[in-house]
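Subject: Structure handover, salt bridges

Hello,

Here is the structure you will be working with. My notes on its salt bridges follow below.

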Amino acid sequence: MATVRLTDSIRNRVVNSFESIYERRIDAVRQELKDTVTPEEVYGALMGQYTSMIEQSGLPKAMFPKVKELDIGMSFLSVSFELSSLHPFSDNLEEHVPFVKSSNQYYPRTCQRIRLEDEYDYTGMVFDKFKQANDKIKGIKEEMETGTRAIRTLLEKFATLSPALKEWPPLWDLLDENTKDKHKQIQERKKSQKAERDTDAEVDTKALTAAVIASKLGA
């Protein structure tokens, strides 16, 4: 087989390719949330009880900050919703709403970044869906971190690509095209020159293989 040295650059590209499998899963969780929750629902859950107070105050709406985009986040979740038009908003929402950890405007000024508390009973509220999404992403990221450590351990066992592929064939799907081409083009080395393992570290590749196969199947 070809002799391609496993450089830090190749190792990092493999890790990035592996992590992208999980990033796509995270993006799917975000999109699912956006498909099931409307911007108006989010706005209403945050400002619903205050919009009537604004109306009853008699004060011009121009006096209140306006928002068009709501960036809602928790510890592991961040997702944006765009309202159909400018809506009045409280500039100190965290002082009035118990589950709002922080709230602040950012560029452009019609955007509002809101961070929700993770540990809050959102039962019956639209934000229960946010908490579920946050928990899903947390689980995915934990899987990714475990897998990334295993990938790095696997790659550090070898100085060259060929024996790494023999131990874990699905590694091929994580290689960039340039590395694949080099592997194909270089002539087979003599058995006496065959690369040896650098370490005897054991790696459980079952979970890694499952992740790669799921990615190829579009799961």
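How many residues apart in helix α1 are D27 and R30? They are three residues apart in helix α1 (residues 8-36), about one helical turn. Helices here are DSSP runs of H or I with at least four residues, strands are runs of E with at least two, and both are numbered from the N terminus.

Two notes on method. This is a predicted model, where local features need pLDDT of at least 70 and side-chain atom pairs count only at pLDDT 80 or more, while totals for chains, interfaces and linings use all residues. Residues are numbered from 1 along each chain as its sequence is written, and side-chain values use heavy atoms, without hydrogens and water.

The whole structure holds 11 salt bridges (a side-chain nitrogen of Lys or Arg within 4 Å of a carboxyl oxygen of Asp or Glu).

- D27 and R30 pair at 2.9 Å, N to O. D27 is partly exposed at 43%, and R30 is partly exposed at 24% (relative accessible area: buried is under 20%, exposed over 50%, partly exposed in between; 1.4 Å probe, protein chains only).
- E32 and K136 pair at 3.8 Å, N to O. E32 sits in helix α1 and K136 in helix α3 (residues 127-156), 104 residues apart.
- D71 and R115 pair, with their closest N and O atoms 3.9 Å apart. D71 is in strand β1 (residues 66-73) and R115 in strand β4 (residues 111-116), so the pair ties together parts 44 residues apart in sequence. D71 is buried at 8%. R115 is partly exposed at 22%. Shared partners join D71, R113 and R115 into one salt-bridge network.

Best wishes
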